[in-house]
Amino acid sequence: MDNAELLKQLRIDHNQREESGGGGHRGRWIALGVVLVLLLCVGVGGWWWQSHRPVPVQTAVAASPGKQAEAGAVLEATGYVTARRQATVSAQITGTLTEVLIEEGDHVTKGQVLARLEDSGYRANLDAARASVQAAQAQVAQLQAQLEQARADASRQDALVGRGLVSKQAAEQARTAVASYRAQLEAQRRQVAAAQAQAQVAQVNYDYTVVRAPFAGVVTDKAAQVGEIVSPLSAGGGFTRTGVGTIVDMDSLEIDVDVNEAYIGRVQPDMPAEAVLDAYPDWRIPAHVIAIVPAADRGKATIKVRVALEAKDARIVPDMGVRVAFLEHKEPAAAAASPKGVLVPATAIAQRDGKRVVFVVQGAVAHQRTVTPAPQTYGDLRLLPEAVNPGDSVVISPPANLRDGSAVQTSTPP
C-alpha cells in the first residue's frame, strides 16, 4: 500500500465531523444548566434558612408594681432567713440507738417520740428500785402490827399495876417497847420515802432512753442512725453523735440583715419593709422591722437588724438569701394606690417605624406590641400602662433583625 492510500484512510469525512462536534456542544450546555439549577436551589435554601432561623434573644418577666412602689424605699439591704426557735435534739444520757423515727422534712408535734436508746440496763434498775419500795412498804406494815401489839400489852400492864398484880417495872418496859416500835416505824417510813426517791431517779433515767420533740416543727436534719452511740457530751474520734436531729419551728422564721452603719439612722423599729427572696424574685413579702440589735460588727462596719415576715409560706425556709427594702412611713390616706400596668426593663423598649414597641415572646415567637410608657420611672424599670400583661416575657435589647412573628431562641440574662 502506498502513501497516498494511507493518507486517504486517515482522512475524516465531513459528515462525521459535523455529527461529532454538535453532540459535544450540547453536552456542555446541559452540564452548565444543571450547575445553574443547583446554585439556584442552594441560594433559595440559604435564603429560606436565614429568614426562618431563630433569633437568639434574652428575656425578662413583666411584673406588677407593688402597692408601695420601690421609689418609696429609703434603704435596701441583704440578709438571710433565720429561725428564732431551732434545736438540735439529743439524748440526755449516753446510749446506743435502737430506733430512729424521723426523716428530713417530717412535721413533728411537741412530745412526739423521735428516737429510742438501748434501755435494758435502765429497765433493770427501775425494776430493782420498785422492788426496794415494795420491800420497805412491807416492813412498815410489819412494824405497824408490832406497834399495835405493844400498845395493847402496855395497856394490860397498866391495868395489872393498878390492881397490884405486876410490878411497875413491867409496865414501864411495856411502854418502852411501844416507844421503840413507834421509832422503828417512823424510820421505816423514811426508808420507804428514800426507796421511792430512788425509784423516781430510775424512772427518770429510763425515760431518758426515749428522745422526744421539745416543740412542734419540721425536721431539717437527721444526724444519727440506728446502732450509733449518742451522748449529750462531745467525745473525740467521731464515733459518738451529739444529736439525733435538728427541728425548726417554721412559725419563728424571720430575717436578719446587715445594714451599713453609715445608713443605720434611716432604719427605725416597726418600720414597714418589703422582702424579696432570691429564689422567688417576683414575690414581694410584706414585712416590718422588729428591732435594731445594739451591737456593731467591727470587721464589716454593719449593724444587724431583725425583720419580721408578715406572711408565712412553706416556700420560706431557713438560710435563704433575701433582699429587704425599708419603706417610708405613710399615713393610710396618703398611701398611693398601686399603679396600673406592668414594670419592664427600660432596654426592652425599642423603636420600630417611629413607634416605641416591645416584643412579647409566646411559644418561641416574638410578637410586636406598640406601647406608651408612663412618665414616672422606677430605677431601671419603666411602667407600661397597657399592651403587656403581668407575667409576659419581654425581649431585652431587641436586635435590629427582630420583627413581628420572628422565631426566637430565648435565654435569661446572667
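Which residue in β10 is the bridge partner of Ile 229? The bridge partner in β10 is Thr 240.

## Basis of the model

This is a predicted model, in which local features need pLDDT of at least 70, side-chain atom pairs count only at pLDDT 80 or more, and totals for chains, interfaces and linings use all residues. Residues are numbered from 1 along each chain as its sequence is written, and side-chain values use heavy atoms, with hydrogens and water left out.

## The open sheet

An open sheet of 5 strands runs in the order β7-β6-β4-β9-β10, and its pairing is mixed. β7 (210-212) and β10 (240-241) stand at the edges with a single partner strand each, so one side of each has no neighbour in the sheet. Strands are DSSP runs (E, at least two residues), numbered from the N terminus; two of them pair if DSSP finds at least two bridges between them.

β9 (residues 229-230) pairs with β10 in the parallel sense, over 2 bridges. Strands of a sheet pair through backbone hydrogen bonds, either parallel or antiparallel.

## Residues with positive phi

Most residues other than glycine have a negative phi. Asp 319 has a positive phi, near 75 degrees, and lies in the loop between β15 (302-309) and β16 (321-327). With a relative accessible area of 62%, Asp 319 is exposed (over 50%; buried is under 20%, partly exposed in between; 1.4 Å probe, protein chains only).

Ser 397 also has a positive phi, near 50 degrees. Ser 397 is placed in the loop between β23 (393-396) and β24 (408-411). Its relative accessible area is 46%, and Ser 397 is partly exposed.

Terms used
Helix = DSSP H or I, 4+ residues; strand = E, 2+ residues; numbered from the N terminus.
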